[in-house]
Structures are given as C-alpha cells and as structure tokens.
Amino acid sequence: MKIIRAEKMGFCAGVRRAVMTANNALSERGNGKVYTFGPLIHNPVALKKFEENGLEILSEENISILKKGDTVVIRAHGISPEIQDLLEKTGAKILNGTCPIVQKNQKKCCEYAKNGYVIFFTGDKNHGEVVGIEGAAKKGAFQKKLPLNFILIKSVEEALEKLGELEKNFKIEKSVLISQTTFSVKVFEEIAAALKNHLSDIEIVKSICPATYDRQDSLDELCSKVEGVLVIGGKSSANTNRLYDKALKLCNMAALIEDASEIPEVFFKLKVVGLTAGASTPDDVIDEVEKALQH
C-alpha cells in the first residue's frame with residue numbers, strides 16, 4: 001500500500017500555540033489547578049491526554065470555583081470581553097492562548113460595531129470563536145450606544161433571507177462581511193458575491209486563516225492521486241468536518257476518523273490511500289493512523 005499525506009495538514013500555528021501554553025501551565029502549576037475555558041481543542045484523543053495530565057475544563061457556569069493560585073488557559077478560539085472580565089475578577093492567573101488571527105478579527109468587529117456597520121458573519125452557531133467575536137462586537141456597539149446588527153450566516157440562501165428580513169425594518173448604510181477563521185473558502189466567496197449584488201458598497205474582509213486555505217487546497221491535490229482519503233480529526237471540529245465534506249465530493253471513498261481504531265476495513269484493501277487532518281489533530285495521532293495502514 002502507498003500512503004500519501006496532504007502537503008498541509010494537522011496542527012495550525014494557532015492551535016500549536018494554545019497547546020504549548022497549556023503544557024507550560026501544567027508544568028508550572030504549583031499548588032493551583034489548571035483549566036481551559038471550554039475544551040482546549042476539538043480533538044477527543046488530545047483532550048484525554050490533557051485530562052490525564054490534570055487539565056480541567058471550565059465553563060461559564062462554574063467560573064466561581066476559581067481561586068487565587070489557579071490558572072486558566074484561553075484556548076485558540078478566544079473568549080468574549082464579558083467572560084474575560086469575569087475571569088479576571090476571580091484573581092486566577094489568565095494565560096491568553098487565543099489565535100492571533102482570531103484576536104485581530106475580534107478587534108475588527110468591535111470597531112465595525114462602534115462605527116454602526118451591519119456585520120454579516122459567516123460561521124457556525126455556538127462555536128467558541130464566533131461567540132467570542134460576537135461578544136467583541138457587542139462591546140463595541142455598547143460603547144457607542146448603538147444597536148448591534150451581527151448577522152450570522154452559513155449559506156447564500158440564509159444570507160439573502162436574513163438580508164431581506166433586516167431591510168424590512170432597517171436602512172443599511174454601512175455593511176461588512178467577515179468570517180470565522182476556519183470557514184469554507186468556497187462558500188465564503190459565494191456569499192460575498194451574492195451580498196455584493198444587493199449591497200454594492202459592502203466591505204469584504206478575508207479573515208479566513210491561511211492554514212484553512214492551505215489545507216483545502218492540499219486536499220484538492222491529494223484527491224487526484226489516491227483511491228481513498230482518511231480525514232483525521234475530532235468529529236466536533238468545524239474545520240475537520242469541512243475537510244471531510246470536501247473529500248466526499250472529490251474522492252470515490254472518504255472517511256472521517258478520530259484515531260487508528262476507526263479506520264474502515266475497506267481502506268486496508270486499497271493500493272493508494274491519502275491522509276489529511278484537521279487543525280486540532282496532533283502529529284502522533286496522524287503517525288499512528290499511517291502505521292496502522294502499513295501493518
């Protein structure tokens with residue numbers, strides 16, 4: 001069997017940074033506990049290892065359990081200013097592992113809201129990154145005592161539907177389209193084109209992470225060389241699921257797996273298998289999948 005890895009796959013720089021921040025916090029924890037606000041990354045294999053090393057997950061509902069001496073790692077997705085304030089009031093040590101690109105998008109949306117823009121945002125409802133960015137926009141609007149128009153969309157149809165609803169009661173003078181960093185490049189471009197037809201002056205901010213572009217482009221190339229593709233990553237990971245959706249369209253055979261134990265039997269009969277992985281997939285998990293296929 002021949003195994004071909006996608007040229008770009010696995011940990012992105014932002015996730016790797018957050019993981020290093022958590023590892024450092026665990027090694028220097030002292031007598032306090034170490035938490036992450038929400039799951040550090042969307043990968044159950046990696047999360048289990050962190051749990052075994054003493055990393056606990058904190059939610060908004062149990063922030064009150066924090067004590068001085070505890071440490072909270074902010075994951076790559078970031079958090080809202082409101083949650084940041086609540087964490088700081090506990091006296092716990094806060095380590096910011098937010099992806100720099102996500103931080104930049106938070107600042108942009110805060111400024112757009114301050115200036116009265118309607119913000120069309122392509123992303124996944126309740127995703128940590130989206131919640132944090134919407135929170136930043138909310139803060140910006142509040143500072144200027146303006147209403148917040150933060151329109152979350154996932155498709156052209158939804159964008160046009162919500163645009164129509166908004167225009168019934170609101171005159172759109174300034175608008176911007178911005179995105180979750182791991183959103184589909186193709187769908188974002190389709191939505192941008194559709195909104196431009198209705199809002200000629202809309203600003204288009206290309207805020208999708210370059211790593212997302214790279215992984216999706218690498219998958220295009222990979223699928224032309226193989227009989228089947230294994231997409232390795234957490235089943236709750238947005239960017240991993242987008243890779244899987246794309247693989248299903250490009251390749252005769254594709255499967256989404258979280259570790260080597262989930263490799264479908266049919267893949268062991270193929271002559272050429274491709275591997276790609278989401279941005280939250282550790283290198284050792286990818287290596288284990290390749291080793292299982294080889295043996």
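Is Lys145 buried or exposed, and what is its relative accessibility? The close-up views below take up this residue and several others in a predicted model, in which local features need pLDDT of at least 70, side-chain atom pairs count only at pLDDT 80 or more, and totals for chains, interfaces and linings use all residues. Residues are numbered from 1 along each chain as its sequence is written, and side-chain values use heavy atoms, with hydrogens and water left out.

**View A. Lys145 in the loop between H5 and strand S7 (150-153).** Lys145 counts as exposed at 79% relative accessibility, where exposed means over 50% relative accessible area, buried under 20% and partly exposed in between, computed with a 1.4 Å probe on protein chains only. Although Lys145 is not a glycine, its phi is positive, at about 55 degrees. Helices (H or I, at least four residues) and strands (E, at least two) are DSSP runs numbered from the N terminus.

**View B. Asn126 in the loop between strand S6 (118-122) and helix H5 (128-143).** Asn126, which is not a glycine either, has a positive phi of about 70 degrees, and this residue is exposed, with a relative accessible area of 64%.

**View C. Cys109 and its closest cysteine sulfur, in Cys110.** The two sulfurs lie 8.9 Å apart, too far for a bond, given that a disulfide is a pair of cysteine sulfur atoms within 2.5 Å. Cys109 is buried, with a relative accessible area of 0%, and a search of the whole structure finds zero disulfides.

**View D. Cys251 and the nearest cysteine sulfur, that of Cys223.** Cys251 is in no disulfide, the sulfur of Cys223 being 4.7 Å away, and Cys251 counts as buried at 9% relative accessibility.
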